[in-house]
Amino acid sequence: MKSLFDEVASNAYPGRGIVIGTSPDGTKAITGYFIMGRSENSRNRVFVEDGEGIRTEAHDPAKLEDPSLIIYAPVRVRDNDTIVTNGDQTDTVYDLMAEGKTFEEALRTREFEPDAPNYTPRISGVMHVENGKFSYEMSILKSNNGNPDCCDRYTFSYDNPIAGEGRFIHTYKHDGNPLPSFEGEPTLVEMLDGIDEFTEKLWDNLNGDNKVSLFVRYIDIATGDYETKIVNKNK
């Protein structure tokens with residue numbers, strides 16, 4: 001098990017990242033989602049609350065260029081499911097799960113982003129918190145080693161996750177040109193009991209030049225009640 005904070009501190013550009021896990025005391029289901037940016041368009045964003053979820057907005061609308069891959073709802077809640085993704089596939093998962101499809105089936109209708117030559121992976125997660133039980137799934141859809149002719153699809157399921165453990169997945173292995181996609185199973189990382197400490201440490205360890213926004217939510221597994229923290233570099 002690795003330190004989430006060391007993982008992000010040692011990587012100048014993991015891109016967008018999702019972490020999901022359980023607090024060490026076993027009472028909270030935790031998720032965090034962050035976005036980073038290298039271009040002015042990518043950095044010109046903030047997270048804002050939208051119902052039980054969040055959406056991205058342009059910090060300065062006058063500087064907004066192409067909104068297609070940067071303006072979306074990263075987090076939506078459907079009944080007892082909290083959906084977290086790095087793109088508009090949040091809506092795909094929300095809509096198709098409402099029709100009775102599974103998380104994996106919903107994502108089979110999507111693939112990586114059409115942003116050659118990076119072909120940014122679509123990373124997604126869904127948390128199920130109901131009747132005092134917690135489980136979650138994570139997914140990555142990516143090009144085949146940079147070849148867009150094939151979409152590689154991986155889904156990871158975690159039933160009754162162990163207290164204090166989380167899984168961390170991000171879009172890029174590290175900075176580069178083109179950007180290399182994440183590889184392997186989501187990284188096993190340590191979680192923390194307190195949302196304030198977790199949020200502060202994650203934000204502080206993200207690269208200062210490239211970080212844009214962070215969302216963290218702690219859900220009480222027994223009651224479903226939750227607490228949310230949002231941090232935006234743009235004020």
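Visitor: What should I know about the numbering and the confidence limits?
Guide: Residues are numbered from 1 along each chain as its sequence is written. As this is a predicted model, local features need pLDDT of at least 70 and side-chain atom pairs count only at pLDDT 80 or more, while totals for chains, interfaces and linings use all residues; side-chain values use heavy atoms, leaving out hydrogens and water.

Visitor: How many helices and strands does the protein have?
Guide: Helices (H or I, at least four residues) and strands (E, at least two) are DSSP runs, numbered from the N terminus. Counted that way, the protein has five helices and 13 strands.

Visitor: What is the radius of gyration of the protein?
Guide: The radius is taken over C-alpha atoms, and the globule rule is 2.2 Å times the number of residues to the power 0.38. For 235 residues that rule gives 18 Å, and the model comes close to it, so the protein is as compact as a globular protein of that length, with a radius of gyration of 16 Å.

Visitor: How many residues of strand E2 are buried?
Guide: Buried means under 20% relative accessible area, exposed over 50%, and partly exposed in between (1.4 Å probe, protein chains only). Across the protein, 53% of the 235 residues count as buried. Strand E2 spans residues 28-36 and is mostly covered, the buried count being eight of nine.

Visitor: Which residue in E12 is the bridge partner of Ile35?
Guide: Two strands pair if DSSP finds at least two bridges between them. E2 pairs in the antiparallel sense with E1 (residues 17-22) over six bridges, and with E12 (residues 211-220), also antiparallel, over nine bridges. On the E12 side, the partner of Ile35 is Ser213.

Visitor: Which residue takes a positive phi in the hairpin of E1 and E2?
Guide: Thr22 stands opposite Ala29 in E2. The hairpin has five residues between the strands, and phi is near 80° at Gly26.

Visitor: Where does the cis bond from Ala116 lead, and what is omega?
Guide: The bond joins Ala116 to Pro117, and Pro117 lies in the loop between helix H4 (103-107) and strand E7 (122-130). For this cis peptide bond, omega is about 5°.

Visitor: Is Asn131 buried or exposed?
Guide: Asn131 is found in the loop between E7 and strand E8 (133-144), with a positive phi of about 55° although it is not a glycine. Its relative accessibility is 72%, so Asn131 counts as exposed.
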